[in-house]
Amino acid sequence: MKKLVFLFTVALFSNLTWAQINPAIGSTPTTAEEKSNAAVKFETTSHSFGTVIEGQIATYDFKFTNTGTDPLVLSNVTASCGCTTPKWPREAIAPGQSAVVTAEYNSNGRPGTFNKNIFVKGNGGDVTLTISGNVVKEPEKPLSPIIINK
């Protein structure tokens, strides 16, 4: 009886292990992802803001075009950290049409260089966009004007 329980346990764990490493189990793509002929093509995948004054919101529009034959749907766009906010169209982009993914970087309290990623996922493929720059403190202004009389 102990051998039977042992064999059953081994068989159960080997099936669970096989299911975790087999990509066909547990990760079935949706019909739209399987058969989509949409394709996303960005004009550029990186942008440098150069020098940004601390406290400013640095914004850049990444323009893309659906170069496929099916409507393009961006299912999710995420940023590598909370200081970067992506905005993207929720509606389908027709073949040949263009749209933008907007990246906003909040520089408040973040002096120094930055390099952030925006991950674009959709039925036309996955793309990683990158923004970078250097945040500097705003130069101090004199408290009062200096008047020199001769």
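Student: How many aromatic pairs are there?

Tutor: First, a word on the model: it is predicted, so local features need pLDDT of at least 70 and side-chain atom pairs count only at pLDDT 80 or more, while totals for chains, interfaces and linings use all residues. Residues are numbered from 1 along each chain as its sequence is written, and side-chain values use heavy atoms, with hydrogens and water left out. Now the rule: rings of Phe, Tyr and Trp (its six-membered ring) pair if their centres lie within 6.5 Å; planes under 30 degrees apart are stacked, over 60 edge-to-face, and the rest tilted. That gives 4 aromatic pairs here.

Student: Why is the pair of Phe42 and Phe64 called tilted?

Tutor: Their ring centres are 5.2 Å apart and the planes meet at 45°, so the pair counts as tilted. Phe42 lies in strand β1 (residues 40-42) and Phe64 in strand β3 (residues 57-66), so this pair links parts of the chain 22 residues apart. Strands here are DSSP runs of E, at least two residues long, numbered from the N terminus.

Student: Are Phe42 and Phe64 buried or exposed?

Tutor: Buried means under 20% relative accessible area, exposed over 50%, and partly exposed in between (1.4 Å probe, protein chains only). Both Phe42 and Phe64 are buried. Now look at Tyr60 and Phe62: their centres are 4.8 Å apart with planes at 80°, so that pair is edge-to-face. Tyr60 is partly exposed, at 23%, whereas Phe62 is buried, at 1%.

Student: Which residues have the most contacts inside the largest nonpolar core?

Tutor: The general idea is that in soluble globular proteins, nonpolar side chains tend to be buried together. A nonpolar core is a set of buried Ala, Val, Leu, Ile, Met, Phe, Trp, Tyr and Cys residues joined through side-chain atoms within 4.5 Å. The largest one has 25 residues, and Phe42, Phe64, Val101, Val120, Leu129 and Ile131 have the most contacts inside it. Elements giving two or more residues to this core include β1, β3 and β8 (127-136).

Student: In what order do the 4 strands of the open sheet lie?

Tutor: Two strands pair if DSSP finds at least two bridges between them. Here the order is β1-β3-β6-β5, with antiparallel pairing. The edge strands, β1 and β5 (84-87), each pair on one side only. Between β3 and β6 there are 9 bridges, and Ile57 stands opposite Asn106 in β6.
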